[in-house]
Amino acid sequence: MASNESFAGWTKTFTEPRLCAAIVDRLTCNAAMIDTGTRSYRLAQSEAQHSTHS
């Protein structure tokens, strides 16, 4: 699973705090987390396409 949002930002998608905490807990249990510290290539490409069509 990949996300460009920090765990703190997941509450924007999962607005119920207990549900959000439970999801993060289950996804991260025994998981290897890799923080690339980079911006999404797909997001940058979408933004570039959008700006050329405006």
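Reader: What span should α1 have, and how far apart are its end C-alpha atoms?
Author: In this predicted model, α1 has 12 residues and, at 1.5 Å a residue, should span 16 Å, which agrees with its end C-alpha atoms being 16 Å apart.

Reader: Okay, and which residue takes a positive phi just after α1?
Author: That residue is N30, which comes just after α1 and has a positive phi of about 60°.

Reader: Changing topic, how many disulfides are there?
Author: A search of the whole structure finds zero disulfides. C20 is in no disulfide, and the nearest cysteine sulfur to that of C20 belongs to C29, at a distance of 16 Å.

Reader: Is C20 buried or exposed? And what about C29, buried or exposed?
Author: C20 counts as buried, with a relative accessibility of 5%, whereas C29 counts as exposed, at 51% relative accessibility.

Reader: How many salt bridges does a search of the whole structure find?
Author: The search finds two salt bridges. One of them joins the side chains of E5 and K12, with 3.2 Å from N to O, and another joins the side chains of D25 and R26, with 4.0 Å from N to O.

Reader: How exposed are E5 and K12?
Author: E5 is partly exposed, with a relative accessible area of 35%, while K12 counts as exposed, at 62% relative accessibility.

Reader: And what about D25 and R26?
Author: For D25 the relative accessible area is 47%, so D25 is partly exposed, and for R26 the relative accessible area is 61%, so R26 is exposed.

Reader: Let's move on to pockets: what volume does the largest pocket have?
Author: The largest pocket has a volume of about 660 Å³. It is lined by 21 residues, and the closest to its centre are M1, A2, S3, N4 and I34.

Reader: Which elements give two or more residues to that lining?
Author: Those elements are α1, which runs over 17-28, and α2, which runs over 41-52.

Reader: Last one: what is the lining of the largest pocket like by class?
Author: By class, the lining of the largest pocket has 10 nonpolar residues, eight polar residues and three charged residues.

How values were computed. Residues are numbered from 1 along each chain as its sequence is written. This is a predicted model: local features need pLDDT of at least 70, side-chain atom pairs count only at pLDDT 80 or more; totals for chains, interfaces and linings use all residues. Side-chain values use heavy atoms; hydrogens and water are left out. On a 1 Å grid over the protein atoms alone, a cavity is a set of points where a 1.4 Å probe fits but cannot get out, and a pocket is an open set with protein on both sides within 12 Å along at least five of seven lines; lining residues have an atom within 4 Å of a point. Grid points are joined across faces, edges and corners, and a volume is the space filled by probe spheres set on the points. Helices (H or I, at least four residues) and strands (E, at least two) are DSSP runs, numbered from the N terminus. Ala, Val, Leu, Ile, Met, Phe, Trp, Tyr, Cys and Pro count as nonpolar, Asp, Glu, Lys and Arg as charged, and the others, Gly among them, as polar. Buried means under 20% relative accessible area, exposed over 50%, partly exposed in between (1.4 Å probe, protein chains only). The expected span of a helix is 1.5 Å times one less than its number of residues. A disulfide is a pair of cysteine sulfur atoms within 2.5 Å.
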